[in-house]
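Welcome, and thank you for taking a look at this chain.

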Amino acid sequence: MSFQTSLWTGLLGIGATIALVQPIAAAKSSVEIGKTAQAITVLITEPNNVGSGVILQRQGEIYTVLTAAHVIKNKANYTITTPDDRKYQIISSSIRSAPGSIDLAVVKFKSTTSYPTAKLGNCNALERGMELYVGGFPGTSRAITESIFVFREGKVSANSNKVLENGYSLVYSNDTLPGMSGGAVLNSEGELVAIHGRGDRDRN
């Protein structure tokens with residue numbers, strides 16, 4: 001499940017500068033969207049946790065990453081690994097969670113390297129049956145001993161007109177894994193329409 005883009009503006013403090021209703025663009029292939037997702041998605045790690053995030057904005061050498069609040073809930077030194085496999089420390093003073101119980105947060109890191117940022121789409125335009133894509137970094141397992149980027153295709157199952165508990169509103173059929181929380185949810189144009197939160201099978 002995920003969050004609607006309308007919840008992001010207050011958290012980021014950039015309100016009217018983000019147009020959440022974009023012109024209709026031509027649909028892209030799943031391969032193209034997978035490349036876009038990988039280019040904007042980062043791995044967020046600390047000693048006891050693995051999560052994902054999306055590069056949303058760049059101001060000079062400071063990048064803003066959008067993620068799920070439960071990914072950065074511990075008081076720890078978080079590291080961001082970018083798509084080119086470089087590692088950066090999250091600026092601890094930049095960690096900012098959404099108000100209330102909404103499972104959304106932003107963090108920042110500094111780099112002189114140029115990274116692409118997400119193009120925002122309109123979550124409210126999503127309807128049941130539409131194609132949807134989720135990218136992120138699952139935790140390790142016996143078979144996969146290192147967190148690698150995973151991209152999953154699926155369809156919109158439901159899109160609530162009201163915000164549900166913890167800010168969730170979008171439900172989809174993509175088969176996601178623990179660690180993909182905070183990852184990109186993209187529409188058929190490769191636009192960021194939501195941030196992946198907890199799977200509906202999660203117990204905590």
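This is a predicted model: local features need pLDDT of at least 70, side-chain atom pairs count only at pLDDT 80 or more; totals for chains, interfaces and linings use all residues.

## A walk through the strands

β9 and β10 form an antiparallel pair over three bridges; here, strands are DSSP runs of E with at least two residues, helices are runs of H or I with at least four, and both are numbered from the N terminus. Two strands count as paired if DSSP finds at least two bridges between them.

Residues are numbered from 1 along each chain as its sequence is written, and side-chain values use heavy atoms, with hydrogens and water left out.

β9 also pairs with β8: six bridges join these two antiparallel strands. Phenylalanine 151 in β9 has glycine 135 opposite it.

Elsewhere, an open sheet of seven strands runs in the order β5-β4-β1-β2-β3-β7-β6, with antiparallel pairing. Its edge strands are β5 and β6 (96–97), each of which pairs on one side only. Two bridges hold β6 and β7 in an antiparallel pair, and serine 97 has alanine 105 in β7 as its bridge partner.

Stepping back, the chain has two helices and twelve strands. Along the sequence they follow the pattern α-α-β-β-β-β-β-β-β-β-β-β-β-β.

## Rings that meet

How many aromatic pairs does the structure hold? There are seven, where rings of Phe, Tyr and Trp (its six-membered ring) pair if their centres lie within 6.5 Å, and planes under 30 degrees apart count as stacked, over 60 as edge-to-face and the rest as tilted. Two of these pairs are set out below.

| Ring pair | Distance between centres | Angle between planes | Kind |
|---|---|---|---|
| Tyrosine 63 and phenylalanine 109 | 5.1 Å | 10° | stacked |
| Tyrosine 133 and phenylalanine 151 | 5.6 Å | 0° | stacked |

Tyrosine 63 lies in strand β3 (residues 62–67) and phenylalanine 109 in strand β7 (residues 105–110), so their pair ties together parts that are 46 residues apart in sequence. Tyrosine 63 is buried at 0% relative accessible area, where buried means under 20%, exposed over 50% and partly exposed in between (1.4 Å probe, protein chains only). Phenylalanine 109 is buried as well, at 0%. Ring pairs also link Tyr63, Tyr88, Phe109 and Tyr115 into a cluster.

The pair of tyrosine 133 in strand β8 (residues 131–136) and phenylalanine 151 in strand β9 (residues 150–159) links parts of the chain that are 18 residues apart. Tyrosine 133 is buried, with a relative accessible area of 5%, whereas phenylalanine 151 is partly exposed at 24%.

## Inside the chain

Of the chain's 204 residues, 49% count as buried.

## Two residues in loops

Is asparagine 174 buried or exposed? Asparagine 174 counts as buried because its relative accessibility is 6%. Its place is in the loop between β10 (170–172) and β11 (184–186). The side chain of asparagine 174 reaches the backbone oxygen of arginine 152 at 2.9 Å. Beyond neighbours within four places in sequence, asparagine 174 is in contact (heavy atoms within 4.5 Å) with Leu132, Tyr133, Val134, Arg152, Glu153, Gly154 and Lys155.

Aspartate 85 sits in another loop, between β4 (79–81) and β5 (87–89). At 57% relative accessibility, aspartate 85 counts as exposed. Most residues other than glycine have a negative phi. Aspartate 85 has a positive phi of about 70° although it is not a glycine.

Conventions: A polar contact is a pair of N or O atoms within 3.5 Å; within protein, one must be able to donate a hydrogen and the other to accept it, and residues adjacent in sequence count only if both atoms are side-chain atoms.
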